[in-house]
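Dear colleague,

I am handing over the structure we spoke about, and below it I set out what I found when going through it. Please read the notes with the coordinates open beside you.

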Amino acid sequence: MSIAVKMTAYEKAAAAWGDAMPDEVRELARYVDQHTGVAAAKAIGYSGAVVSHMLAGRYTGDQDAVFAKIRGALMGEVVICPVLGELGRDRCLTEQKKPFATSNAARARLYRACRSGCPHSRLKGA
């Protein structure tokens, strides 16, 4: 009879990534071990499947976007937004995806700033 030993998220990530494990994955694994995968997914704004695939080194989507969200949400990276001032990189990325809204002047300025050459924008054509 064998006893299954449950690996921590950090151990899984270390096994998948080896010495090349990026700091973002390391931080994500630590967060999952301290909280849960669901909490990590909620913190970075992605699904639990993305968190799992990132830890396993199998995520085939835009890893740079996930890394940026991890840096903002879990590692404290901030950017200087021309409209909102200093804010977390994760919030910056979230704001970029929001649709245009005429009901709020700040929201409209932010929409235009994200699409007119802001250095932090990941939008194509910005």
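Predicted model: local features only at pLDDT ≥ 70, side-chain atom pairs only at ≥ 80, totals over all residues.

As for the chain as a whole, it holds seven helices and two strands, which follow one another from the N terminus in the order α-α-α-α-α-β-β-α-α. The C-alpha trace spans about 65 × 25 × 25 Å along its principal axes. Of the 126 residues in the chain, 35% are buried, and among the contacts with a separation of 6 or more, 41% are between residues 24 or more positions apart.

A residue that I would point out separately is arginine 89, which belongs to helix H6 (residues 89-97). Arginine 89 is buried and yet has no salt bridge, because the nearest side chain of opposite charge, that of glutamate 77, is 4.2 Å away, whereas a salt bridge is counted only within 4 Å. Leaving aside residues up to four places away in sequence, arginine 89 touches Ala68, Gly72, Glu77, Val78, Val79, Gln96, His120 and Arg122, so that glutamate 77 is among its contacts although the two form no salt bridge.

The last point concerns the aromatic rings, for which the count comes to one pair. Phenylalanine 100 and tyrosine 111 make up this pair, which is edge-to-face, with 5.1 Å from centre to centre and 70° between the planes. The pair links distant parts of the chain, since phenylalanine 100 is in the loop between H6 and helix H7 (105-114) and tyrosine 111 is in helix H7, 11 residues apart. Both partners count as partly exposed, phenylalanine 100 with a relative accessible area of 39% and tyrosine 111 at 25% relative accessibility. Tyrosine 111 has a further neighbour in arginine 115, which lies over the face of its ring at 3.7 Å from the ring centre.

With kind regards

How values were computed: Residues numbered from 1 in each chain as written. Heavy atoms only, no water. Helix = DSSP H or I, 4+ residues; strand = E, 2+ residues; numbered from the N terminus. Buried < 20%, exposed > 50% of the residue type's maximum accessible area, 1.4 Å probe, protein only. Lys, Arg positive; Asp, Glu negative; His and termini not counted. Contact = heavy atoms within 4.5 Å. Phe/Tyr/Trp six-rings, centres within 6.5 Å; stacked < 30°, edge-to-face > 60°. Lys NZ or Arg CZ within 6 Å of the ring centre and 35° of its normal.
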